[in-house]
Amino acid sequence: MDLDLSEAERRFRAEARAWLAAHVPRPALPSLETAEGFAAHRRWERTLAADRWSAVSWPEEYGGRAASLVEWLLFEEEYHAADAPGRVSQNGVALLAPALFAHGTPEQCARLLPATARGDLIWSQAWSEPEAGSDLASLRATARPVPGGWRLDGRKSWSSRAAFADRAFGLFRSERHPDRPHHGLTYLMFPLDAEGVTVRPIGRLDGKPAFAELLLDDVFVPDHDVVGEPGRGWRVAMDTAGDERGLTLRSPGRFGAAASRLARLWRERGDPSDTALRDRVADALIGAEAYRTHTWATVSRLAEGGSPGAEASLSKVFWSELDLALHETALDLLGPLGELADSAPEAPDGGRWADGHTFALAGPIYAGTNEIQRDIIAERLLGLPRGRRR
Ligand SMILES: Cc1cc2nc3c(=O)[nH]c(=O)nc-3n(C[C@H](O)[C@H](O)[C@H](O)COP(=O)(O)OP(=O)(O)OC[C@H]3O[C@@H](n4cnc5c(N)ncnc54)[C@H](O)[C@@H]3O)c2cc1C
């Protein structure tokens, strides 16, 4: 692996850095999990899109820069180092778009991607159900074929940002194959303001209102909103789950920037005699750098035609545990002050450590729990015998 950047990559990085220095909003935007913050983050997506920074790796015709994976990594490093806002368009940019590129029609790409890049369409992911999280293939929400489209019924749960988003994409059972639950699933997209859709917020630990469940009662979806072949939605979903866990959901730039902030916090407030805490700060820096190096190796492999595959599970476990350790270290360093939320004027760093810690607690759960990822690592990467299924 050659880690030297080409001249063009160095120019790309410099252009991103200069643009971010000129445009990142100050003071920081309110949390995107609130109505006010969501609207502000949507405006930020439009600002990014105006100069084609909202989806850098997409083809130019859809609003991207056709950036390579290496350039995407560089952009992410610059983005997080500049302390730029969280990405409210992440579901659309990082999860739906890869599904559309791989399995969608040109019409779907032309209709949906430019609006997604501009933040005019913000997506929520409607995969999980109350009885179908880890065992996603046991999902019960149905898609029934009708002339010109499909009728959806059922209940989708744990949908991030759904309270304020515009549309959702999800998996529905369109045929029954009791012995083969992965068969007969269809991947569909639908508007959240469609007749028959009820969006019901779910309370979160931090009290923010964006998380929701979706109740679907005879919701019509036209044929042109099916992604891939009807009945083969599992394949579409699994292709994108690999992206989510392994690479695009949590770039190393995010943890590198957080670890640098933690080191700064240690220099400003740390007690030099507390070597145990100092070691944890060092571990966080080392972990962030290890994740960065691992990701560069993955990207090199993908550039040579490989795919993320089961290795995505390794990344998922690593980044979620790193995030938690990093935030726990920060809270221990801050003592009682670390417990102040972002609404408290005295909260250090605007309350981002307490806020980040609450969010990090969910990291080992969303995008597939770490227990499930460890099963995948044991069976598919280490070749250990299959565990007993529940
Ligand atoms: C903050 C947050 C955001 C989320 N956002 C979204 C979203 O936008 N869209 C969406 O569709 N979903 C979302 N989810 C849902 C998430 O994907 C599920 O919570 C997750 O897949 C786990 O499913 P579950 O909650 O049903 O738990 P369960 O599957 O019931 O698991 C409960 C526990 O049992 C363990 N377990 C289950 N089966 C096994 C097994 N075979 N072997 C070993 N251990 C097992 C699990 O690891 C877990 O610890 C989100 C969740 C969170 C917390």
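By class, how many nonpolar, polar and charged residues does the shell around the ligand have?

Modeller: This is a predicted model, in which local features need pLDDT of at least 70 and side-chain atom pairs count only at pLDDT 80 or more, while totals for chains, interfaces and linings use all residues. Residues are numbered from 1 along each chain as its sequence is written, and side-chain values use heavy atoms, with hydrogens and water left out.

The shell around the ligand has seven nonpolar, seven polar and three charged residues, where Ala, Val, Leu, Ile, Met, Phe, Trp, Tyr, Cys and Pro count as nonpolar, Asp, Glu, Lys and Arg as charged, and the others, Gly among them, as polar. In total, 17 residues surround the ligand, and the closest are Ser128, Ser134, Trp158, Thr369 and Glu371; a residue is near a molecule if one of its heavy atoms lies within 4 Å of it.

Next come the polar contacts, which are pairs of N or O atoms within 3.5 Å. Ser134 places a polar side-chain atom 2.6 Å from an oxygen atom of the ligand, whereas Trp158 uses a polar backbone atom, which is 3.1 Å from a nitrogen atom of the ligand. For Asp375, a polar side-chain atom lies 3.5 Å from a nitrogen atom of the ligand. Taken alone, the ligand exposes 980 Å², and the protein buries 73% of that, with accessible areas coming from the Shrake-Rupley method with a 1.4 Å probe.

The elements giving two or more residues to the shell are strand 3 (149-159) and helix 11 (370-381); helices (H or I, at least four residues) and strands (E, at least two) are DSSP runs, numbered from the N terminus. Helix 11 gives the most to this shell, with three residues.

A cis peptide bond, with omega about 0°, joins Arg26 and Pro27, and Pro27 has its place in the loop between helix 1 (7-23) and helix 2 (35-50). In the loop between helix 2 and helix 3 (69-81) lies Arg52, whose phi is positive, about 60°, although Arg52 is not a glycine.

Technical notes
Polar contact = N/O pair within 3.5 Å; in protein donor to acceptor, adjacent residues only side chain to side chain.
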